[in-house]
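Keep the sequence at hand as you follow each pair.

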Amino acid sequence: TVSGKYFYKSLDRPLTIQDVQYSPYGSGYSGYNNYEVTIEGVITSDTSDIVGQIYMQNGSGEWSGIQLFGTQTEGLKRGNYVSVTGIVNEIYGVTRIGNLDKGVQVSVLTDLVDVPEATEVSTAITGTGGLPAEKYEDVLVKFLSVTVVDENADGEAGPDGANYGEILVADGTGVGTRVELQDGKNDYHNFWDSSLENEPIRVIEGATFDELVGVLFYSFGNYKLIPRNNDDFVGYTDIDENVELPKTFSLSQNYPNPFNPTTVIQYSIPEITNVKLKIYDMLGREIQTLVSREQNAGLYNVEFNATNLSSGVYFYRIEAGSFVDSKKLLLLK
């Protein structure tokens, strides 16, 4: 009687990251665990993005990313196309190439290529865990239209008690998943240390993001997104909980103005309504949509990042119910 099934692959091509990462039964262990392999891919995150961690991919989607380990990788930069040889091993639930004994051998084949697009994933997949989430381990992913449902995933808000810089966000599925703010090189925080009390940008419950991008990591029993830098936080909208609910609609002048490359636009709405906040150039062409959703009454602060725009005069325009207003802003680089 056969009590178990065994199988193997026969390949007539070089190994890929997908071959190495694939874990069909959800254990997380690679079929090549403890074997030396050679694979190629693009560096999607280097040590200037995430402290002490380097990742590579050979495309987008399931099983396409992997972590690299060893001092030989420290000089790699995002966008390098590389060939890597090393031992496949599993450490704290993460599959990686290279171990403490041998590290890795690295050859940069091309200095700068396009980094694969982030793969859209729902918070229900990563928040629930298991095999569906395992497919995206070490992959550059993105969550769309998420709300901060808990500003500290491990305890009370603020620096007292357990606060490891992790927040919970949820998309339309309503399932929360972790976002790690400490390890990436960004300005967003959840007040995990008292020294951050007056530092921008503190993320609080109820704040929203149009898009959150980062590498999906696994530690201490949870999958968590690690954004690399400020560019991975898109369309951030904060709500000020320390003021009374506004009685009128208003649109304030952005601050600072002139600015380079980021500025904050503040507006208030006295009732639940659909809000659209957009940026236009001097010719009236739409440049970017900052907000397009129903919002509760409150005072909102929206960050506008103009990194990819040229110096000049732009306009921002709000539509909230029957309220319409617009103002100029000046980008100086």
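A network of salt bridges links Asp154, Glu166, Arg178 and Lys224. The model is predicted. In total, 13 salt bridges are counted in it.

Which residue does Lys135 meet in a salt bridge? The partner is Glu62, with N and O 4.0 Å apart. Lys135 sits in the loop between helix H3 (131-134) and strand S8 (140-150). Glu62 sits in the loop between strand S2 (54-57) and strand S3 (65-68). The two positions are 73 residues apart in sequence, so the pair ties together separate parts of the chain.

Buried would need a value under 20%, and exposed one over 50%. Glu62 has a relative accessibility of 39%.

Now turn to Asp232 and Arg228. Their side chains form a salt bridge, with an N to O distance of 2.9 Å. Both Asp232 and Arg228 are buried.

One further pair joins Arg285 to Asp281. In this salt bridge the closest N and O atoms are 2.7 Å apart. How accessible is Asp281, and what class does that give? Its relative accessible area is 10%. That value is under the 20% cut-off, so Asp281 is buried.

Definitions and conventions: Residues are numbered from 1 along each chain as its sequence is written. This is a predicted model: local features need pLDDT of at least 70, side-chain atom pairs count only at pLDDT 80 or more; totals for chains, interfaces and linings use all residues. Side-chain values use heavy atoms; hydrogens and water are left out. Helices (H or I, at least four residues) and strands (E, at least two) are DSSP runs, numbered from the N terminus. Buried means under 20% relative accessible area, exposed over 50%, partly exposed in between (1.4 Å probe, protein chains only).
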